[in-house]
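Please keep the sequence and the model in view while reading.

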Amino acid sequence: MESVRRQSVYLKTLFFLLFVGVGISSPYFGIFYKHIIVRADGTPAIGLIGMIFFVMPLVSLVANIPAGILADKFHSGKHLITLFCFGVAFFTLMIGLAGEDFARGWTANGKFIYIFALLIFLNCFAYPIMPMIDAEVLLFLNKHSRREFYGVYRLWGTYGWSVATILMGILLYNFRHDSLIFYCASLAFAVLGFAAWSGVETKSAAIPIIIPWTHLKRDTPFQWFLLFIFLHGVVTTSSFTYTGYFFDDVMKSPLEIGFILGTWTLFEIPVMMSSRKLIDRFGNRSLIVSGLLLSGVRLILFSFFTPETPFIWKWGASLLHGPGFGLSQLGIIDFVDRRAHPAMRATYLNIAAVARMSLASALGGVLGSAVIEQRGVAFLMQICGWVTIALILFFVLLIGKHRGPEVTDR
């Protein structure tokens, strides 16, 4: 059917544009803070930067779950995505102003207060977007296809990330203006907002449903999974939040940073394209374990980088990110969707996002800054790598033995 084809293209477009915005912003935010929030002697105010990375994820506690409930109850996911994207576009634009010439006279504390206040509003709009797009895709696949094809749609996010990170590295290399990070992100999310709005149905809103909370209360495997994903979120945030910060020390230019960030997804492409085969053959638990192993090895290798390390070795180690992230992401999404009640997909995905991004990311941000201050950012990469590998045992013991009935609406 033509309407199904259009909806498929629409959802792939949302993933592509979302990761254009994410690729422009998230890996480079640390560089912006490092260059803009500085002490009088010119050194980064790492304590204030760590406070940003500690507090901001807590915003998802307020934003994500209510957004998921509203999307499920009123079938309003696309409307909310549109609203949230425009909110992100506005607040990213405002934060970028802190890097302009008129703000040079501001103290580190003054810039911190300005950026911190706007980031609270920014993250209220930003955090629910990803799980809500995931929910829309899974609703579509469970109705018209199979959930195992999720990777084929998520792959378009990989394309968007690769394009955006490389282009952002080129822009920063040529113009050396940190505010471009936030200005380009603002433009990307504005475009995403218009794209999301184009797919909103004009028919009357569906009758509100009653959320089946009993299903969640009885879902013991999912509750154990939330504990695992919380610990995984602490480690992932500690490493990824400061990846740009770390690369700024060990790479020779923003061009090298952009190239690595843009191409480390190379082997994510075959993983996502083979999502159905991988899930059918190995199951979501095996994919998660494999992804953890590859991600841990990558971070340990990162810890040995220095400015003198040949670029080809840095690039080679970074390529482990693609299959590591791809396998774990496919496994996580498939696990959550199989546990979710058909009327609770957005709620389940947002609860999982809160477990991984709220307190976990807050702890990861502040612990990461503390480790950097005491032992340096290379040591942070190493310890995160070893803990990621250790989480394999935790996952196998806690989740592998819990195999309660899964839900399907097909």
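## Aromatic pairs

Trp 106 is partly exposed, with a relative accessible area of 32%; here buried means under 20% relative accessible area, exposed means over 50%, and partly exposed lies in between, with a 1.4 Å probe and protein chains only. Tyr 114 is also partly exposed, at 23%. This is a predicted model, in which local features need pLDDT of at least 70 and side-chain atom pairs count only at pLDDT 80 or more, while totals for chains, interfaces and linings use all residues. Residues are numbered from 1 along each chain as its sequence is written, and side-chain values use heavy atoms, with hydrogens and water left out.

A pair of aromatic rings is described by the distance of the centres and the angle of the planes. Rings of Phe, Tyr and Trp (its six-membered ring) pair if their centres lie within 6.5 Å; planes under 30 degrees apart count as stacked, over 60 as edge-to-face and the rest as tilted. By this rule there are 28 aromatic pairs. In one of them, Trp 106 and Tyr 114 are edge-to-face, with 5.4 Å from centre to centre and 70° between the planes. Another pair joins Phe 222 and Phe 225: the centres of these rings are 6.4 Å apart and the planes stand at 25°, so the pair is stacked.

## An aromatic cluster

Where do Phe 222 and Phe 225 lie? Both belong to helix H10 (residues 220–241), three residues apart, which is about one turn of the helix. Helices (H or I, at least four residues) and strands (E, at least two) are DSSP runs, numbered from the N terminus. Phe 222 is buried at 0% relative accessibility, and Phe 225 is buried with a relative accessible area of 0%. One aromatic cluster is formed by Phe 222, Phe 225, Phe 228, Phe 335, Tyr 348 and Phe 395.

## Charges over rings

A charge sits over a ring if NZ of Lys or CZ of Arg is within 6 Å of the ring centre and within 35 degrees of the ring normal. The charged end of Lys 12 is placed in this way over the ring of Tyr 153, 5.1 Å from its centre. Likewise, the charged end of Lys 34 sits over the ring of Tyr 245, at 4.6 Å from the ring centre.

## Packing of helices H1 and H7

Helix H1 (residues 2–36) packs against helix H7 (residues 150–175) at an angle of about 35°, and their axes are 7 Å apart. Axes are lines fitted to C-alpha atoms, for helices over the stretch in contact, and angles run from 0 to 180 degrees between N-to-C directions. The crossing of H1 and H7 is right-handed; a crossing is left-handed if the near helix is turned anticlockwise from the far one by less than a right angle, and right-handed if clockwise. Sorted by class, the contact of H1 with H7 has 17 nonpolar, seven polar and two charged residues. Ala, Val, Leu, Ile, Met, Phe, Trp, Tyr, Cys and Pro count as nonpolar, Asp, Glu, Lys and Arg as charged, and the others, Gly among them, as polar.

Arg 5 lies in helix H1 and is partly exposed, at 45% relative accessibility. Gly 157 lies in helix H7 and is buried, with a relative accessible area of 0%.

Most residues other than glycine have a negative phi, and most peptide bonds are trans. Arg 176 has a phi near 50°, a positive value in a residue other than glycine. Arg 176 is found in the loop between H7 and helix H8 (180–198), and is exposed at 56% relative accessibility.

## Cysteines

How many disulfides does the structure hold? The number is zero, where a disulfide is a pair of cysteine sulfur atoms within 2.5 Å. Cys 184 is in no disulfide, and the nearest cysteine sulfur, that of Cys 85, is 17 Å away. Cys 184 is buried at 19% relative accessibility, and Cys 384 is buried at 4%.

## Distances along the chain and in space

Met 130 is in helix H6 (residues 129–144) and is partly exposed at 27% relative accessibility. Met 130 and Leu 349 are 219 residues apart along the chain, and their C-alpha atoms are separated by 9.2 Å.

Pro 254 belongs to helix H12 (residues 254–263) and is buried, with a relative accessible area of 18%. Between Pro 254 and Ile 31 there are 9.9 Å in space, C-alpha to C-alpha, although these residues are 223 residues apart in sequence.
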